[in-house]
Amino acid sequence: MALFRALESAQPESRRLFHDPFAAMFVSTPLRQVVRWSAMPVLGPLLRRIIDRFWPGARSSGVARTRLIDDWIAVSIASGSHQLVVLGAGFDSRAWRMPVLAGLPVYEVDHAATAAEKRRRIAAVAGSQSRVVSVALDFDRDRLPDALAACGFDPKRRTTVIWEGVTNYLTADAVRSVLAWVGALAPGSNLIFTYIHRGVLDDPTRFEGAAKILLAVASTGEPWTFGFLPAALSRCLLTHGLRLTEDLGANDYRARYFGADARRMRGYAFYRAALATVTGDHA
C-alpha cells in the first residue's frame, strides 16, 4: 500500500486522488527509484500497467480506497469527532498529511517495533508530533481498551476509528472483540473499516484475479483468514451497537473517484470498505 500511495502521489496534482508525501519513505530503496520513474510521462503509465497486470486491481482499488477513507474521515471530524484511533496503523500517515486532523489527538495502535520504525522515519522529515500517540499492543496478549486507556484515550469522547487492511488477517473472535469495543464508544462515533467478501475465501474463482492474490499473500506467510458476507454485515454490526452507513466494493469506489476510466479497471472487486456509526443500542 505504501508503494501504491507513493505512485499515486507522484502523479501531477491535476490527476492524483490524494498527496501522501511520506509514502515513498516507507518503501525499499529500489522501489523509491520506481516511484521516481513513475513521474515520467511515458514510463509512468507503463509501470502502472505492469503493476496492474501482476496484482490485478490492487493498485487502483488501493488508491481509490485511500481517497474514500480520507473523505469519510473528513466528514466524521466535521460532524463532531474529537479524536482518531488507527488500529493496525502500520505506515499510515494520515495523522501527518491530513489538515483536518491538525490539533486532534491521534492514537496509532500497532506492534511496538513497527511503530518505532515508522516514527523514526517520519520524524526525520516532519519532526515530533506530541498529539500522535503510539499505542504499543501485542494483539495476542494485550487488551485494546487497557492499552488505549494507559495512553490517555477517553472512550466517552466521540471518536473516529480507522481499521484498514486488517480484518482479513484476523480470527472471527478477534473481529467480534474489536466491534464490541467500538460499539461501546460514545454514540455518534464512527468506524471506518475494510474487509474482504467471504466468498473469496470459499471460492476464489468467483472473483477476477482473486486466486492470484490469495496465493501471493499466502506466500508471504500472511494468508487471509476472515471475511464477511456483505448481505449479512448490517445485521452483524447491529448486534454490536453499530449502524451501517455505507458499504462499497472496489468497483463502487473506483467508479466514484475514477469515473468513466473505472470501467477499464478489473480485479479486487471482493475488497470492500464500510462506514458504521455507534448507535448506543445493541440489537
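What is the volume of the second largest pocket? About 620 Å³. The model is predicted: local features need pLDDT of at least 70, side-chain atom pairs count only at pLDDT 80 or more, and totals for chains, interfaces and linings use all residues. Residues are numbered from 1 along each chain as its sequence is written, and side-chain values use heavy atoms, with hydrogens and water left out.

**View A. The second largest pocket.** A pocket here is an open set of points on a 1 Å grid over the protein atoms alone, with protein on both sides within 12 Å along at least five of seven lines; lining residues have an atom within 4 Å of a point. Its volume is the space filled by probe spheres set on the points, which are joined across faces, edges and corners. Of 24 lining residues, Arg 15, Arg 48, Asp 52, Arg 59 and Met 265 are the closest to the centre. Helices α3, α4 and α12 (250–258) each give two or more residues; helices are DSSP runs of H or I, at least four residues, and strands are runs of E, at least two, numbered from the N terminus. The largest share, four residues, comes from α3. The lining divides into 11 nonpolar, four polar and nine charged residues. Asp, Glu, Lys and Arg count as charged; Ala, Val, Leu, Ile, Met, Phe, Trp, Tyr, Cys and Pro as nonpolar; the others, Gly among them, as polar.

**View B. The largest pocket.** Its volume is about 1,600 Å³. Met 1, Ala 2, Gly 165, Tyr 169 and Glu 222 are the closest to its centre, out of 41 lining residues. α1 gives the most, with four residues. The lining holds 24 nonpolar, 10 polar and seven charged residues.

**View C. The largest cavity.** A cavity is a set of grid points where a 1.4 Å probe fits but cannot get out. The structure holds one of 30 Å³ or more. The volume of the largest is about 40 Å³. Ala 89, Gly 90, Glu 108, Asp 110, Ala 115, Lys 118, Arg 119 and Ser 134 line this cavity. Four of these residues are charged, two nonpolar and two polar. α6 gives the most, with three residues.

**View D. The Arg 5–Glu 164 salt bridge.** A salt bridge is a side-chain nitrogen of Lys or Arg within 4 Å of a carboxyl oxygen of Asp or Glu. The count comes to 18. In the Arg 5–Glu 164 bridge, the closest N and O atoms are 3.1 Å apart. Arg 5 lies in α1 (residues 2–9) and Glu 164 in the loop between β4 (159–163) and α8 (172–183), so the pair ties together parts 159 residues apart in sequence.
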